[in-house]
Amino acid sequence: MNENLRSKFAKNETAYGLWVTSESTAVTEVAAILGIDWLCIDMEHGYLDHRSIAGHLTAARGTGMTVLVRPPSHDLEPMKRALDLGAHGVILPLVNSAAELRAASDHFFYPPLGHRGIGGERCVKWGLDLESYVRSANEDLLLIPMIETQRAYENLDEILAADKIEAVFLGPGDMSASRGAVGEWEGPGVAEINLDIVRRASRRGIRTGIVARNTDEAITRVDQGFGMVSLGSDIGLMIRQIESMNEALGRKTVAHRWF
């Protein structure tokens, strides 16, 4: 698992992704056909549950596409269940310190690195591949902390120094909110913070990810050195296309799109 994504990392190439917010497994199937490198199933917001995760993972099977899950918290239960269902890693929201990351890592890794329990679930092919999976999981799986608060930025160096961190993901909207610019995607000073995080992570060989809200922004993020660029969310991309067609047809779009 994650071989294709890690190959992109090793070659210093941008890996393009998709944020999945709907339960439709067709989204994952089409993403794989179109050559998307990775996707994130978002459980932090919205209504997706573990049954939805299982469906998306089934749709991605055999495609070489990395499927990550963003759980709703750092707690044991949502992380353990996502991994047991076969997720290739976790994008961990709202990591504020190395101590928080270490505590979450304890749920993520098998002994001796952590205390993840061993079960005969989907990730081990219902027990048929248990020995192989358990032996390699600590090396194969990706734990990607999100840097999305002022406190996280202040603790950036210690977070980047944590063991087995190959990538971090930025959340400009929450970073802006934590600095007093609630509801802004990239509030005052956040653009500079983003680039500083990219520079400091790059010096440690750590890739940095972010969501782009449109094509121009995706190009800019690649030029800025981001190694994981989400082209948007499944529903956001649908809205973006409808907006574009409405504009071409002289129709007015009344909604405001976040990403």
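1. **Salt bridges.** The structure holds 15 salt bridges (a side-chain nitrogen of Lys or Arg within 4 Å of a carboxyl oxygen of Asp or Glu). This is a predicted model, in which local features need pLDDT of at least 70, side-chain atom pairs count only at pLDDT 80 or more, and totals for chains, interfaces and linings use all residues. Residues are numbered from 1 along each chain as its sequence is written, and side-chain values use heavy atoms, with hydrogens and water left out.

2. **Asp42 and Arg70.** These side chains meet in a salt bridge at 2.7 Å, N to O. The pair links distant parts of the chain: Asp42 sits in strand 2 (residues 38-42) and Arg70 in strand 3 (residues 66-70), 28 residues apart. Helices (H or I, at least four residues) and strands (E, at least two) are DSSP runs, numbered from the N terminus. Both Asp42 and Arg70 are buried. Buried means under 20% relative accessible area, exposed over 50%, partly exposed in between (1.4 Å probe, protein chains only).

3. **Helix 10.** Asp196 and Arg199 both lie in helix 10 (residues 190-203), 3 residues apart, about one turn of the helix. Their salt bridge spans 3.9 Å, N to O. Arg199 is partly exposed, with a relative accessible area of 46%. Asp196 is buried, at 16%. Arg200 also meets Asp196 in a salt bridge, at 2.8 Å, N to O. Arg200 counts as buried, with 17% relative accessibility. Through shared partners, salt bridges join Asp157, Asp196, Arg199 and Arg200 into one network.

4. **Strand 8.** Strand 8 (residues 228-233) is mostly covered, with 5 of its 6 residues buried. Strand 1 (residues 15-20) pairs with strand 8 in the parallel sense over 4 bridges (two strands pair if DSSP finds at least two bridges between them). Tyr16 stands opposite Val229 in strand 8. Strand 7 (residues 207-211) also pairs with strand 8 in the parallel sense, over 3 bridges. Here Gly209 has Met228 of strand 8 as its bridge partner.

5. **Largest pocket.** The volume of the largest pocket is about 550 Å³. A pocket is an open set of points on a 1 Å grid over the protein atoms alone, where a 1.4 Å probe fits, with protein on both sides within 12 Å along at least five of seven lines; lining residues have an atom within 4 Å of a point. Grid points are joined across faces, edges and corners, and the volume is the space filled by probe spheres set on the points. Of the 23 lining residues, the closest to the centre are Met1, Arg61, Gly86, His88 and Lys125. Helix 6 gives the largest share of the lining, 4 residues.
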